[in-house]
Amino acid sequence: DRQTLVAVLQFLRRSNLRESEEILRREARLLGDDLGGSVAAVATSSPGVAAIAAVPPAKGEARGTAESVPPPGGNPGSGEPVCCSQPPGLSVMQGYKGAVVVEDQPDVSAVLSAYNQQGDPTLYEEYYSGLKHFIECSLDCHRAELSQLFYPLFVHMYLELVYNQHESEAKSFFERFHGDQECYYQDDLRVLSSLTKKEHMRGNETMLDFRTSKFVLRISRDSYQLLKRHLQEKQNNQIWNIVQEHLYIDIFDGMPRSKQQIDAMVGSLAGEAKREANKAKVFFGLLKEPEFDVPLDDEDEEGENEEGKPKKKKPKKDNVGSKSKKQDPNAPPQNRIPLPELKDSDKLDKVMNMKEAARRVRLGPECLPSICFYTFLNAYQGLTAVDITDDSSMIVGGFADSTVRVWSVTPKKLRSVKTAADLSLIDKESDDVLERIMDEKTASELKILYGHSGPVYGTSFSPDRNYLLSCSEDGTVRLWSLQTFTCLVGYKGHNYPVWDTQFSPYGYYFVSGGHDRVARLWATDHYQPLRIFAGHLADVTCTRFHPNSNYIATGSADRTIRLWDVLNGNCVRIFTGHKGPIHSLAFSPNGRFLATGATDGRVLLWDIGHGLMVGELKGHTDTIYALRFSRDGEILASGSMDNTVRLWDAVKAFEDLETDDFTTATGHINLPENSQDLLLGTYMTKSTPVVHLHFTRRNLLLAAGAYSSQ
């Protein structure tokens, strides 16, 4: 409105902010000194939004001039109008659409009130189709980028109509345009279509997420200017307001991205990650091996006994011994997080591991691993989780009937420790005391652990094979002793089902993630979590420790993967690109790369240091529940609900990556058109979905799943 604009211009002039005044005049098309002259139509009808939010310098300066004066109309930095002091005679600037301005986490009513009506409900279809026509007629190079606006605008315009109780207009708007949206938003649109009344919006989490987290679009400056000019010429305030209020447009300088480049990165619940989100330094290197005398001359990597993760040795070339004495330049400081001391039994296990490693098969395109498949028969769809110990001696299954079953897969049977009375009779000095404490009468191939009161969704062996974790629909994580086969602790922190849990490669710490959208870091001797990692917009479906134990990756139903720093709980990477909930994660043995699998049947590969997607492996036709790198990282194995195991050439996938500064800055990633030349083999089972994969210390691939009679 003109009066407000004039008052702001006068204020800027009085404060000697000439530059801002000029910019504002240009934006509002007020030329010459004559403020009273005829005025071209002001670009936006929500006072002050274009004036300030669209002109970063003015906002910065204006905010800097009068920090001490609480802004009457909005909170600085929120995209609300910021008016720093009140010239006489100027009514207090209203916030956007009369929105209640709230700090921090908005409560439901405040969030929804931003949908107070402003435009004419009957014109919404016209607004949207006008923009659609404009975008579809723009140059190819801009069309791909601007098409990203369709979905978030569609959702917000629909919600605005519903909130203001224009139910028939909302229905007609939805029916007319929902078919135009990208196929990967179908699930979200299904939820949206059920919100047809204002009352439905109050308790709906999806709705609230969409409202409170700004949808992020990454657009080149040229495309953005084109859009802005169009909306301002058309006086299309309704859409411009939504763009200002609900979208975060991450503008970059340079060439617009192609349709393929955009498609690779979009699809998550809140758009792409802001480029800022992936800028923090990540120490992705491995920790140095502790030194102790070994009868072999190989050195070996530290994090290794991880439950089946590939944290294993570098290729045993003659230089490895010398190499491991040097600190990896990308490794975190050794004492960055406290790690447990190595016990004698751990050192013994390392020695065994090195001996095995010396006999390891070097895998590659010419030398593929043998695959040994463990099929669970008569599980009646009840198998919900599997894990295998690092030395491949035990396998555990979590079941829908709430039991946890542990099998020995070697001729050595599972035995419990003797009772206290019997233990007191043992000669503690004898050499074979560790044998003598085991009770032969308890020896069996299978032990069943009872304690959970709901399906068991995640299991994880500790690196030293003394403990087992299980997490369940009952909201608890349980720690079991593999010496006594009894439950030692129940960790209660999640109030809802816990979908995954995993031990750190060094033991002691473990992570869990669940339906409450957060992941928690625990230590076995604390009954409260040490860290809570909050940020996902939907269930945390899978969790993984980095080989150096300083970071945790979480995959979520919001279709993003986040990397968290264990030290301070910060989110240091957000990866978007999957089109469905994430169900599997695997770090490469060298700690540089992450592979992720989801319900969209794609495996995506990420460079952790640069925060970039570097590969896409297509081939599976169903959810990927298992991913594993071979011990030296030459091969990536993926297992899916489509009853196949596929082997991919990891060396080739990660070689000669283009991670120059420009790519890192703008996200112009160039994925090879065809991932088939990376596919080394596809192995079908008769009718068994693959739920777990594990490379033994000698690089034999073990796979597991439950037979399903179609």
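Reader: What makes the contact between D250 and R275 a salt bridge?

Author: The side chains of D250 and R275 come together with an N to O distance of 3.0 Å, and a salt bridge is defined as a side-chain nitrogen of Lys or Arg within 4 Å of a carboxyl oxygen of Asp or Glu, so the pair qualifies. Helices here are DSSP runs of H or I of at least four residues, strands are runs of E of at least two, and both are numbered from the N terminus. The model is a predicted one, in which local features need pLDDT of at least 70 and side-chain atom pairs count only at pLDDT 80 or more, while totals for chains, interfaces and linings use all residues. Residues are numbered from 1 along each chain as its sequence is written, and side-chain values use heavy atoms, leaving out hydrogens and water.

Reader: Why is D250 called buried, and on what value does R275 count as buried?

Author: Buried means under 20% relative accessible area, exposed means over 50%, and partly exposed lies in between, with a 1.4 Å probe and protein chains only. D250 has 8% relative accessibility and therefore counts as buried, and R275, at 18%, is also classed as buried.

Reader: How do you know whether K343 is buried, partly exposed or exposed?

Author: K343 has a relative accessibility of 41%, so this residue counts as partly exposed. K343 forms a salt bridge with D346, the closest N and O atoms being 3.8 Å apart, and D346 counts as buried because its relative accessibility is 11%.

Reader: Which parts of the chain does the pair of R360 and D632 tie together?

Author: The side chains of R360 and D632 meet in a salt bridge at 2.8 Å, N to O. R360 lies in the loop between α17 (344-358) and β3 (371-376), and D632 in the loop between β26 (624-629) and β27 (635-640), so the pair ties together parts that are 272 residues apart in sequence. R360 counts as buried because its relative accessibility is 6%, and D632 counts as buried at 14%.
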